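Here's a look at how the pieces of this chain pack against each other. Have the model open while you read.

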Amino acid sequence: MQGKTLVIGASGQIGIELVTALRKKHGTHQVVASDIRATEVPELIDGPFEVLNVLNVDELDRIVHKHQITEVYLLAALLSATSEKNPERAWDLNMNGLFHVLDLAKNKKIQKVFWPSSIAVFGPSTPKQNTPQYTVMEPNSVYGISKLAGERWCEYYHQKYGVDVRSLRYPGLIGYKSDPGGGTTDYAVDIFHQAIDKGSYECFLSAETMLPMMMMEDAIRATMSIMEAPAEQIKIRSSYNLAGCSFTPADLTKLIQQEIPEFSISYKPDFRQQIADSWPGSIDDSAARKDWNWQAEYDTTRLASTMLRELRLKKKAESLVTR
Ligand code: AKB
């Protein structure tokens with residue numbers, strides 16, 4: 001039986017779904033969820049939960065030792081929009097959090113690390129369509145700079161110290177079970193909530209802004225697959241390109257209007273437009289397909305219809321509870 005897993009930053013958009021999936025697969029008590037703040041999220045407190053600031057290395061050490069952790073998923077980070085507002089905090093959390101976890105593995109206190117990178121590692125000079133695994137990378141957002149530096153450190157720790165670190169360049173992640181916070185791609189979750197609740201949405205990106213996106217179910221499957229793959233199949237130790245589907249706010253609007261014909265959208269681009277404009281429109285993930293058999297299952301149409309269906313069910317159930 002494998003050792004225990006620690007998910008750091010478990011209260012975020014990916015964390016809640018990842019903890020649920022890992023507990024389902026390995027057993028509730030095998031997966032320790034942690035976050036900087038205590039939580040009431042039922043999916044997290046139905047098993048072991050620890051309050052942990054990843055910047056506190058002694059606490060991190062204590063929790064790893066207490067639970068006999070062998071695998072860490074490090075999800076605590078500031079995303080692109082929040083990082084722009086607080087560059088020093090973003091650099092501190094995104095880099096030092098990573099060093100603390102990589103050092104645990106270097107010192108053989110844990111065996112395996114998952115660390116998420118992002119499409120934000122690319123910049124305005126990167127080819128925009130079908131962006132290759134290896135290409136020009138000159139990110140100009142604080143978040144992108146921290147993710148690219150993190151990728152280089154992951155590869156370095158693997159080559160120099162044999163650390164088994166695995167990473168994916170996540171596109172925008174779209175799910176109905178948990179909400180994103182502080183990202184540039186967040187509009188693509190919010191639009192579905194507002195379409196159902198209000199029948200209208202004011203978008204902070206322009207109509208034709210094409211970005212790579214992925215249904216959360218695919219992202220969780222990719223994360224678990226890369227972590228389960230035999231080490232020799234993981235040929236890239238910086239981070240793998242990962243593709244789901246690509247769409248614009250206008251594309252989503254058309255799909256939503258097929259189910260909610262009165263839905264209307266207006267556009268008021270803000271500082272996030274510049275971040276989005278620096279990112280690719282679509283991603284070539286052939287290395288992930290070849291090395292560990294990755295294949296996304298959701299296209300844009302399926303993503304949109306799933307979001308509308310599941311959010312309606314969720315909102316209906318919530319309204320019954322609050323009545
Ligand atoms: C963000 O928008 O900052 C994130 C990302 C693409 O990494 N969703």
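This is a predicted model: local features need pLDDT of at least 70, side-chain atom pairs count only at pLDDT 80 or more; totals for chains, interfaces and linings use all residues.

Residues are numbered from 1 along each chain as its sequence is written, and side-chain values use heavy atoms, with hydrogens and water left out.

Across the boundary, 24 residues of domain 1 are in contact with 27 residues of domain 2 (contact means heavy atoms within 4.5 Å). The two domains bury about 2100 Å² between them, 57% of it on carbon and sulfur atoms. On the domain 1 side, Gln13, Ile119 and Lys128 lose the most area to domain 2, together 30% of what that side buries. Buried area here is the accessible area (1.4 Å probe) that two parts lose on being put together, summed over both.

Now the helices, which are DSSP runs (H or I, at least four residues) numbered from the N terminus. Axes are lines fitted to C-alpha atoms over the stretch in contact, and angles run from 0 to 180 degrees between N-to-C directions.

| Helix pair | Axis distance | Angle |
|---|---|---|
| α5 (87-106) and α6 (142-161) | 10 Å | about 15° |
| α7 (187-197) and α9 (249-259) | within 11 Å | roughly 30° |
| α7 (187-197) and α12 (300-322) | 10 Å | about 55° |

Angles under 35 degrees count as roughly parallel, over 145 as roughly antiparallel, 65 to 115 as roughly perpendicular and the rest as oblique. α5 and α6 are therefore roughly parallel. Residues meeting there include Trp91 and Phe99 in α5 and Trp153 and Tyr157 in α6. That contact has 15 nonpolar, three polar and two charged residues; Ala, Val, Leu, Ile, Met, Phe, Trp, Tyr, Cys and Pro count as nonpolar, Asp, Glu, Lys and Arg as charged, and the others, Gly among them, as polar.

α7 turns up in two pairs. With α9 it's roughly parallel, and the contact uses Tyr187, Ala188, Ile191, Phe192 and Ala195 of α7 plus Pro249, Leu252, Thr253 and Ile256 of α9. By class, that contact has eight nonpolar residues, one polar and no charged. With α12, α7 is oblique. There, Val189, Phe192, His193, Ile196 and Asp197 of α7 meet α12 residues including Met307, Leu311 and Arg312.
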